[in-house]
Amino acid sequence: MKTATIIIRVLLGLLFVFASGTYFLDLVPEPELTGNMKIFNEGLMAAGYIMPTVKALELICGLAFLTGRFVPLATVVIFPISVNILGVHSFLAPEGLAIALFVMLSNLFLAYRNWFHYKGLLERK
């Protein structure tokens, strides 16, 4: 189980570092979007701060996953982003659903594997 945790952690870290790196370094041209996905994306871009913030968090959490440091914290921080990735690909862009499912399931797996770190947060006092 420890080997599976390391493999999933590293794959998720590579995915987030690659996604944020391509955004910040403008390595890949943005694909042509249509329909509701185009409207959704234009709204994110119009806000101005959302995408840079999301991509910065993806980079920080991706590096945490790759180095194995602060993994429980990175798992919690990246969870809302994972939920949104799954939601976008479930409702607006189903062609990316496989990767979105991988991100969500990997995040849930890492949360399960680090559950003992969260127990103190959930204790009744």
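Which residues form a nonpolar patch on the surface? Let's start there. The answer is F79, V83, L97, L101, L105 and L108. Together they have about 470 Å² of accessible area. Keep in mind that this is a predicted model.

Where does the patch sit? Two helices each supply at least two of its residues: helix 4, which spans 71–91, and helix 5, which spans 97–113. Helix 5 gives the most, with 4 residues.

Take one member, L97. This leucine belongs to helix 5. Its relative accessibility is 30%, so L97 counts as partly exposed.

Now step back to the whole protein. How many helices and strands does the secondary structure have? There are 6 helices and 0 strands. Read from the N terminus, the order is α-α-α-α-α-α. The C-alpha atoms fill a box of roughly 45 × 30 × 25 Å along the principal axes.

The protein has 125 residues, and 31% of them count as buried. It exposes about 8,300 Å². Carbon and sulfur atoms supply 70% of that area.

What about contacts along the chain? Take the contacts with a separation of 6 or more. Residues 24 or more positions apart account for 68% of these.

Next, a pair of helices. Helix 1 covers residues 2–25. Helix 3 covers residues 50–67. How do they meet? Their axes come within 7 Å and cross at roughly 145°. The crossing is left-handed. From helix 1 they include R9, L12, F16, V17 and Y23. From helix 3 they include M51, K55, E58, L59 and F65.

Hold on to K55 and E58, because both sit in helix 3, 3 residues apart. That spacing is about one helical turn. What do E58 and K55 form together? They form a salt bridge, and the closest N and O atoms are 3.2 Å apart. A search of the whole structure finds 1 salt bridge. Are E58 and K55 buried or exposed? Both are buried.

Is T5 buried or exposed? Its relative accessibility is 13%, and the cut-off for buried is under 20%. So T5 counts as buried. Which residues does T5 touch, leaving aside those up to four places away in sequence? They are F109, L110 and R113.

Follow that last one. R113 lies in helix 5. At 30% relative accessibility, R113 counts as partly exposed. Again leaving aside residues up to four places away in sequence, R113 touches M1, K2 and T5. Now compare R113 with C61. They are 52 residues apart along the chain. Their C-alpha atoms are separated by 17 Å.

On to the loops. First, some background. Most residues other than glycine have a negative phi.

D26 sits in the loop between helix 1 and helix 2, and helix 2 spans 35–47. Is D26 buried or exposed? D26 has a relative accessible area of 62%, so it is exposed.

F70 is in the loop between helix 3 and helix 4. At 59% relative accessibility, F70 counts as exposed.

One more loop residue: L27. Like D26, L27 is found in the loop between helix 1 and helix 2. Its relative accessible area is 58%, so L27 is exposed. What does L27 touch, not counting residues up to four places away in sequence? G21 and T22.

Finally, back to the patch. V83 is one of its residues. How far apart are L27 and V83 in space? The distance is 25 Å, C-alpha to C-alpha. In sequence, L27 and V83 are 56 residues apart.

Conventions: Residues are numbered from 1 along each chain as its sequence is written. This is a predicted model: local features need pLDDT of at least 70, side-chain atom pairs count only at pLDDT 80 or more; totals for chains, interfaces and linings use all residues. Side-chain values use heavy atoms; hydrogens and water are left out. Patches are made of residues with over 30% relative accessible area and no salt bridge: like charges are joined within 9 Å, nonpolar side chains (Val, Leu, Ile, Met, Phe, Trp, Tyr) within 5 Å. Accessible areas come from the Shrake-Rupley method with a 1.4 Å probe; for residues, only the protein chains shown count as cover. A salt bridge is a side-chain nitrogen of Lys or Arg within 4 Å of a carboxyl oxygen of Asp or Glu. Buried means under 20% relative accessible area, exposed over 50%, partly exposed in between (1.4 Å probe, protein chains only). Axes are lines fitted to C-alpha atoms, for helices over the stretch in contact, and angles run from 0 to 180 degrees between N-to-C directions. A crossing is left-handed if the near helix is turned anticlockwise from the far one by less than a right angle, and right-handed if clockwise. Contact means heavy atoms within 4.5 Å.
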